[in-house]
Amino acid sequence: MTRRRWALAGIAVASLVWALGGEWVSIHAGIAENHFLDALAGLSFFVAGIVALDRRQGNRIGPLMLASGASWFCGNWENLRWPVWGAPLLVFGSATAAFVAHVALGYSNGRLATRYERVTVAATYVGTAGAMLGFVLTDDPRVAGCVRDCPWAPVIWSSQSAADAFEWVDEHGAYVLVPMFVIALWLRWRRSTPAQRRYLTPLWVAAGILAGVYLISAIVPASPHGFLRLLSDFQALLEICVPAVFLAGLLSARLAQSAVGSLVVDLQAPRPTGELRALIAAALGDPSVDIVYAVDDGGWIQADGSPALLPTDESGPSARQVTVIEREQRRLAALIHDPAVDPGLVRAVAAAAGMAVENERLHAQVRAQLDEVRASRSRIVQAGDDERRRVERDLHDGAQQRLVTLSLAMHAARRQLTAGHPDAVADTLALASDELRLAIDELRELARGLHPVILTDEGLGPALQSLADRAAVPVSVDRVPEHRFPPTIESTVYFVVSEALANIGKYADASDASIHVTHDAAALIVEVRDNGCGGADPARGSGLRGLSDRVAAVNGRMTVVSPVGAGTTVRVVLPGSARADRVDLVQRDSTGTPVGAAPHWTPGGTP
Amino acid sequence: MRSLLIVDDHAGFRMWAREVLRHEGFDVVGEATDGLSAIDAVHDLHPEVVLLDIQLPDMSGFEVAERIAAQTSVVLTSSRSAADYGPAVVRSPAVGFMAKSDLTGAAMAALLDPAQS
């Protein structure tokens, strides 16, 4: 047996001695009361307190229960009429109602949640034990005729009027304290969760009736017989309810622990998606329980792969408790449950379901990835449509308009020629020539947007340098590998850098930017940094998201770090971007005209 | 000579259309660069013919045609072909459509007065 268990056994023996001894004193003093009920009520507090100390270490309810039991029997021991002990017994014994109120409002962890509850409980202690303390400090029993063996003698100040006042408070304090207590119960019920109400309603009903009985006891004239005797017995019965309900709560937690065993068995059987939640809900006895699964980027997803958020309500009827399930210091999932569910049971269920949770998490991640792939595919199709519309619009508004006017100019020139105005013809042809040059420039720019020739012919370094040269801010390009990569990788890098530089020009308010490209056996890494205003959000705006989709399509990953006021870094990692062993190139002559068949080209210059 | 208003947001087209039509039987009384100013110009200048681009910056040429067709003859034009606009051209109250690349004074006259052509 552990030292703690020995201590508990000692407390149990002491409690039994205190309870039975008190009843023995009452019986021998000729006190007319139901000693069985009285002993049963007091002992029930001791039993509940000892069980609570054993099962819920650190929970304040255990010590409060023991204090209630000890206080309960003080009145019995007072009948010994020991001069020294009379006053402390009277004071401590008068605090029973305050201890019970403290237990009822602090159930199930002993903590008082609101200021009003703390004021109510404090007022109860002051109105009972405090008033009695004032009484014994000011009342002189010898005034009332006590000659020897008086229960106490005033040690500070003997004042009959003060003693009368304290006695009045002790006798009539219930008029104020009971309504305060009932209001506190009602307020607590209002802000409790459904599960808490399920557990607490029996206790609060008993405590509410008990408070009513206290009130009636204060109104009805004191008498050892008749109605007050009946009330006293009824009060004892009700007071048993308080520790009984607490014990029932502990027992139900023990029963729930056995549900963990059933959960382990149930988890062996195959089950459809989402069934794990139902099994855990049954084991916890909380139908409202929910499970969300951790993903690598720090977020959470539902079992079906859809995004999830952890609740933020920590109080009130909608309050939810989050218990994170971890394995080897890695987050697997989070159980979102009613705060009233026993934390030990939650931990036991989480441990039992660990493997199943891990499997379910992997399934959820796959579903989330599938959803993302579907969404990405849809966005890529949409981006393709948008791009075609843009090209059509650019053609229509640009080169096509210029060619139309060129056609009109040619028509005018022909007429001028026929009419014999050679000077006018020359002017018209000059204007037409300018228009034609602009049309060619616009077509070249459009073609470069579709696919840059320099990238195909010269590779990443020159292509990125050409982007840097045309950027709106000074851009430095460094560490670009000289060898070639697969065309899809090169074009992905090119368009990421192109979009990033375009965004810098439009939004960043930067004075310079830089492009870094590094490559090792594992990945090709591209970073575009600027010193602008930051605050870019990749979730907003189709440009960055379209790039992210493009990067994801080649198994890459794009991140945007953009703290407000500290510039933006767009980083793309393209894993396994092996250098191209052979790249098909169109061979061109000195004017850029394709000639002959495309030869195979090998990095390093060996054809 | 028929009075004519050119409505197009492209300055180059307006300049050359004016140059061509001015020498081929039309009196170009004004130019407008968008739908609203075209409507105002029709009210102010009372042109007999309006050469109206379909794609204007503020509103569609079809919408402008609906609002001015009772006061003048409208010829729709575009750098696209009529087929690109489907039945909208037929439903329009305009007297016809002329691709910008086909624009000449004779073609305009033929469209406005098919019997003479």
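How many residues does the contact take from chain B and how many from chain A? In this predicted model, the contact, meaning heavy atoms within 4.5 Å, takes 18 residues from chain B and 16 residues from chain A. The predictor gives the complex an ipTM of 0.83 and a pTM of 0.46, while chain B has a mean pLDDT of 92, with 97% of its residues at 70 or more; pLDDT is the predictor's confidence in each residue, from 0 to 100.

Because the model is predicted, local features need pLDDT of at least 70 and side-chain atom pairs count only at pLDDT 80 or more, whereas totals for chains, interfaces and linings use all residues. Residues are numbered from 1 along each chain as its sequence is written, chains are lettered from A and ligands numbered from 1 in the order in which they are written, and side-chain values use heavy atoms, with hydrogens and water left out.

**Interface between chain B and chain A**

- Chain B and chain A bury about 1,500 Å² between them, 61% of it on carbon and sulfur atoms, where buried area is the accessible area (1.4 Å probe) that two parts lose on being put together, summed over both.
- On the side of chain B, the residues that lose the most area to chain A are B:His10, B:Trp16 and B:Ser79, which together hold 41% of what that side buries.
- Two salt bridges are counted between chain B and chain A, a salt bridge being a side-chain nitrogen of Lys or Arg within 4 Å of a carboxyl oxygen of Asp or Glu.
- A salt bridge joins A:Glu392 to B:Arg80, with the closest N and O atoms 2.5 Å apart.
- Ten residue pairs between chain B and chain A, both at pLDDT 80 or more, are in polar contact; the term stands for a pair of N or O atoms within 3.5 Å, where within protein one must be able to donate a hydrogen and the other to accept it, and residues adjacent in sequence count only if both atoms are side-chain atoms.
- Helix α1 (residues 11–22) of chain B gives the most to the side of chain B that touches chain A, with seven residues.

- Chain B has five helices and five strands, running β-α-β-α-β-α-β-α-β-α from the N terminus on; helices (H or I, at least four residues) and strands (E, at least two) are DSSP runs, numbered from the N terminus.
- Of the 117 residues in chain B, 52% are buried, with buried meaning under 20% relative accessible area, exposed over 50%, and partly exposed in between (1.4 Å probe, protein chains only).
- B:Thr72 lies in the loop between α3 (61–68) and β4 (73–78) of chain B and is buried, with a relative accessible area of 9%.
- The side chain of B:Thr72 reaches the backbone oxygen of B:Pro47 at 2.8 Å, and, leaving aside neighbours within four places in sequence, B:Thr72 is in contact with residues including B:Val42, B:Glu48 and B:Val50.
- B:Ala107, in helix α5 (residues 105–112) of chain B, is partly exposed at 26% relative accessibility, and touches B:Met98 and B:Asp102 when residues up to four places away in sequence are not counted.

- Not counting residues up to four places away in sequence, A:Val242 touches A:Phe45, A:Met65, A:Val100, A:Val103 and A:Leu203.

**Salt bridges within the chains**

- The structure holds 22 salt bridges over all chains.
- A:Arg330 and A:Glu358 form a salt bridge, the closest N and O atoms being 3.5 Å apart; A:Arg330 lies in strand β5 (residues 330–337) and A:Glu358 in helix α13 (residues 354–418) of chain A, so the pair ties together parts that are 28 residues apart in sequence.
- In helix α1 of chain B, B:Arg22 and B:Glu19 lie three residues apart, about one turn of the helix, and their side chains meet in a salt bridge (3.3 Å, N to O).
- B:Arg22 is partly exposed at 44% relative accessibility, whereas B:Glu19 counts as buried at 18%.
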